[in-house]
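Thanks for coming. I will go through the pockets, the cavity and a few residues, then stop.

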Amino acid sequence: YQRRVHGNVSDDNVKYRVGVLLTEAETLLKDQVTRALLHNWCKSQSTCHEIELKCRNAASEIVKAFISTLPDLRQLLILDMRAAYEGDPAASCVEETALCYPGMDAIFTHRIAHELYKLKVPLIPRMMSEYAHHRTSIDIHPGAEIGKSFFIDHGTGVVIGETTIIGDYVKIYHGVTLGAISTKKGQGLSGRKRHPTVGNRVTLYSGAVILGGATIIGEGATIGGGVFLTKSVPPGQTVLQPEPTLLFSKPSHLEPDYSSFDPAI
């Protein structure tokens, strides 16, 4: 885009610049969606000119529908940035959360991928989520439904499964898993609710593992670090691990002998 759109962006030309970028993005996306639809078709049948034309027409309708969601997506992303800023005392400004936070990178990608997923675009949403996974170490399936003002703090190791439903104003920390209890039946579980539901204003601390499609975390609940859950939690409850027993060894009065220590070992 930078090669095609020259010069600085100003208040006078910003609408024109955005229009140019959206037009180019629409053209590129139509081509990629067409390819994805053709790939899906080719898995069972051979292609022909008529099928390719149908895929191109379908891609045009899909991209048109996707572009119509951009104003709402923009508003959601603004709320996500605000949630990150207000939820992290280390943030110096809202822009820092957008430019520097891996959680925001993953959420930005997910919001777009999720819209394409709802429009039944093959492959591309998963490719987008795995690209974000590679960049951020945050794995969010594009099928996951995530409410407004969502904040992932730090983010490394977060996993959010396909049928997860997350409410509004939810904050989660690194290492949280929202997963399935078992996938032994493989494709037999496709289309079923396998992942948990998280209510509004829930906080999930680092290392929490919450599994199962019937598991519901009630509104306003707090799940402590390292907790493993396969059962629902009522609204407003706090779930914590038992405090560990600390064992302290007696200090040795013997000074260590380094006279025979070989640093080459």
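What volume does the second largest pocket have? It is about 240 Å³. This is a predicted model, in which local features need pLDDT of at least 70 and side-chain atom pairs count only at pLDDT 80 or more, while totals for chains, interfaces and linings use all residues. Residues are numbered from 1 along each chain as its sequence is written, and side-chain values use heavy atoms, with hydrogens and water left out.

A word on terms. On a 1 Å grid over the protein atoms alone, a pocket is an open set of points with protein on both sides within 12 Å along at least five of seven lines; a cavity is a set where a 1.4 Å probe fits but cannot get out; lining residues have an atom within 4 Å of a point. Points are joined across faces, edges and corners, and a volume is the space filled by probe spheres set on them.

Back to that pocket. Its lining includes Arg-126, His-141, Glu-162 and Arg-194. By class, the lining has one nonpolar, five polar and three charged residues. Here Ala, Val, Leu, Ile, Met, Phe, Trp, Tyr, Cys and Pro are nonpolar, Asp, Glu, Lys and Arg are charged, and the others, Gly among them, are polar.

Now the cavity. The count is one cavity of 30 Å³ or more, and the largest cavity has a volume of about 60 Å³. Which element gives the most to its lining? That is H5, with four residues. Helix H5 (102-118), helix H6 (124-136) and strand S1 (139-140) each supply at least two. Helices (H or I, at least four residues) and strands (E, at least two) are DSSP runs, numbered from the N terminus. Among the lining residues are Ala-106, Ser-129, Asp-139 and His-141. The classes are six nonpolar, four polar and one charged.

Ala-65 sits in helix H2 (residues 49-68). At 28% relative accessibility, Ala-65 is partly exposed.

How values were computed:
Buried means under 20% relative accessible area, exposed over 50%, partly exposed in between (1.4 Å probe, protein chains only).
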